[in-house]
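Hi,

Here is the structure I said I would pass on. Have a look at it first, and then read my notes below.

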Amino acid sequence: MDGTMPSLKVSLGRGWRLGLDTTWMLVKITLPVYVAVSLLGATPVLGWVARACEPLMGLFGLPGEAAMVLVVGNALNLYAAIGAMKALSLTHAQVTILALMLSFSHNLFVETALCRKLGLSIPLVVGVRLLMAVAAGLSLRALLGTA
């Protein structure tokens, strides 16, 4: 070997460390949200939120509790939304609808701030992202035929 290529042992060690670092980063985000939503589920709070949001979430074929996933995903990031989803009893179709909606509207605060720095219209950016999320959710619900 000419010394320019890292050895297999070095590459595997580096990959292992990067994998553990990534796993730890994801656990630090998803676990607290999972625990928080699970704890809310043990109190009347999640029930109140679910009942208040049920009419709107029902348009997408989602239970009222799914509003928590959308709020967390839009306010924080997709990993936090995954933690919230895991704490709820959702069907595969409901998870798919939420994932598609969040693919358009996740992390609104950070990404909107970046768009502002680029000189884009904030109302336009937020409006388009939210409208696309709603359109995608309604379309996928119709396509999947969820109740």
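Before the helix pairs, a word on terms: axes are lines fitted to C-alpha atoms, for helices over the stretch in contact, and angles run from 0 to 180 degrees between N-to-C directions. Helices are DSSP runs (H or I, at least four residues), numbered from the N terminus. This is a predicted model, so to speak of local features I need pLDDT of at least 70, and side-chain atom pairs count only at pLDDT 80 or more, while totals for chains, interfaces and linings use all residues. Residues are numbered from 1 along each chain as its sequence is written, and side-chain values use heavy atoms, with hydrogens and water left out.

First, α4 and α5. Their axes come within 11 Å and cross at roughly 160 degrees. That makes α4 roughly antiparallel to α5 (angles over 145 degrees count as roughly antiparallel, under 35 as roughly parallel, 65 to 115 as roughly perpendicular, and the rest as oblique). The crossing is right-handed, that is, the near helix is turned clockwise from the far one by less than a right angle. On the α4 side L78, A81 and M85 meet V95, L98, A99 and L102 of α5 (contact means heavy atoms within 4.5 Å). By class, this contact has seven nonpolar residues, no polar and no charged ones. For the classes, Ala, Val, Leu, Ile, Met, Phe, Trp, Tyr, Cys and Pro count as nonpolar, Asp, Glu, Lys and Arg as charged, and the others, Gly among them, as polar.

Now α1 with α4. Here the axes are 7 Å apart and the angle is about 40 degrees, so α1 and α4 are oblique to each other. Their crossing is right-handed. From α1 come L26, I29, T30, V33, Y34 and V37, and from α4 come Y79, A80, G83, A84 and K86. That contact divides into eight nonpolar, two polar and one charged residue.

What about the core? In soluble globular proteins, nonpolar side chains tend to be buried together. A nonpolar core here is a set of buried Ala, Val, Leu, Ile, Met, Phe, Trp, Tyr and Cys residues joined through side-chain atoms within 4.5 Å, and buried means under 20% relative accessible area, exposed over 50%, partly exposed in between (1.4 Å probe, protein chains only). The largest one has 24 residues, of which M57, L62, V69, L98 and M101 touch the most other members. Two or more residues each come from α1, α2, α3, α4, α5 and α7, and the largest share, six residues, is from α3. Leaving out residues up to four places away in sequence, L62 touches M57, Q94, I97, L98 and M101.

As for α3 itself, eight of its ten residues are buried: A66, A67, M68, V69, L70, V72, G73 and N74. These pack against α1, α2, α4, α5 and α6.

Is H106 buried or exposed? H106 is in the loop between α5 and α6, and it is buried, at 17% relative accessible area. Beyond its neighbours within four places in sequence, H106 contacts G73, N74, L78, E111 and R129. The C-alpha atoms of H106 and N77 are 5.8 Å apart, although 29 residues separate them along the chain. R51, in helix α2, counts as exposed at 54% relative accessibility. Its C-alpha atom is 6.0 Å from that of G64, 13 residues away along the chain.

Cheers
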